[in-house]
Amino acid sequence: MSINEILYNIQDLSVEFHTRVGILGAVDHASLDIRRGEVLGLVGESGCGKSTLGKALMRMIEEPGKITSGKLLFDNIDILALDDSRMRELRGSRISMVFQDPMTSLNPVQRVVDHITEAIQVHQSYVTDKEARARAANLVDRLGISHDRLDDYPHHLSGGMRQRVMIGLALALRADLVIADEATTSLDVIVEAQFLDLLRELRNEFDLTILLITHNMGIVAELADRVAVMYAGRLVELAEVNQLFSNPKHPYTEGLLRAVPNIQLDEGELYKMAGSPPDLVRPPSGCRFHPRCPKVMEICSQVDPIFKSIAPNRMVNCWLYQEVPDEKLWVGGSTQ
Ligand code: SF4
């Protein structure tokens, strides 16, 4: 298997929400590939559209939201063209999502064993109840939960155990892609570290592809192969993890990294990015980061930069890395 093989090809994806105050563009023309076998981190501040993008990949955008443009090709399957029943099947079997609060995904009146055996038998109906239970016992042991807990209900388990059960469901289904959306946010640091270790092991053992959606740059540094950075509904940078941390290109990425606490610095030196993310009903013109950008230029507020490749495995959406057209062509609002 080549890690360069594309599992999920996202082309020009836009998601809008119709609100009382206007149309909110949560994801704006995002294009991205997720490679088979990789952990792709998707980072950005709260409200930048990263969770909406993750839900769109599973076609889980609910009213008043809508996918308004784009093409989603998962393993060459046109996700937006599938009928609802095929989509449900695919969502259950090949793409799984682990949320911040697994209680919202686990059925409170079903025991752990029921969740897992059902997942196994839905897709492998020939597996007997006894065999499915044995497999479930094996799986939870593998996840660090004693099989004695198989008959527990979700509310009997700790938050960390519930996260493990969610991952177990993805494994039982043999999902190709796991979308982990702020999956560790509700865990304490020790349980979070154990959960990350588990993800790392499982990823190697089962060739899992993981989209890791988080605002926590530390988690990304530990687990991701590549990182996509979102700001105000747009992808602004994509790079291999080492490149991104050692040499961030987009001024927003630089700010995000400078804002990560560093134990070698005094607390007082912690950087705080100026301003706050924009209202996505009325986003700023041109580059959406321009009101906060320490490197802003005249063109930035007038014309959108393009999300383009600047080196192998490296994309940036910023005028600092693309040729600025002649002023005559853009003064007044847009390129002609
Ligand atoms: Fe800053 Fe301009 Fe680059 Fe936007 S396009 S990030 S405002 S330099």
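Okay, a bit of housekeeping. Residues are numbered from 1 along each chain as its sequence is written, and side-chain values use heavy atoms, leaving out hydrogens and water. Since the model is predicted, local features need pLDDT of at least 70 and side-chain atom pairs count only at pLDDT 80 or more, while totals for chains, interfaces and linings use all residues.

Let's start with strand β3, residues 39–43. Strands here are DSSP runs of E, at least two residues long, and helices are runs of H or I, at least four, both numbered from the N terminus. Is β3 buried or exposed? Well, 5 of its 5 residues are buried; buried means under 20% relative accessible area, exposed means over 50%, and partly exposed is in between, with a 1.4 Å probe and protein chains only. Val-39, Gly-41 and Val-43 are on one side, Leu-40 and Leu-42 on the other.

Which strands does β3 pair with? Pairing needs at least two bridges found by DSSP. With β8, residues 209–214, β3 pairs in the parallel sense over 5 bridges, and Leu-42 has Ile-213 as its bridge partner there. With β9, residues 226–231, β3 also runs parallel, joined by 4 bridges, and Val-43 stands opposite Val-229.

Now, salt bridges. Side chains of opposite charge can pair when their charged atoms come close. The cut-off here is a side-chain nitrogen of Lys or Arg within 4 Å of a carboxyl oxygen of Asp or Glu, and the whole structure has 25 of them. Take Arg-226 and Glu-38, at 2.8 Å, N to O. Arg-226 is in β9 and Glu-38 in the loop between β2 and β3, 188 residues apart. Arg-226 is buried at 5%, and Glu-38 is buried at 2%.

Compare Asp-279 and Arg-282, which meet at 3.2 Å, N to O. Asp-279 is partly exposed, at 41%, and Arg-282 is exposed, at 56%. There's a network as well, linking Glu-5, Arg-36, Asp-75, Arg-94 and Asp-176.

Last stop, the ligand. What surrounds the ligand? The residues, counted if a heavy atom lies within 4 Å, include His-250, Cys-287, Phe-289, Lys-295 and Trp-319. By class, that shell has 8 nonpolar, 2 polar and 1 charged residues.

Notes:
Nonpolar A, V, L, I, M, F, W, Y, C, P; charged D, E, K, R; others polar.
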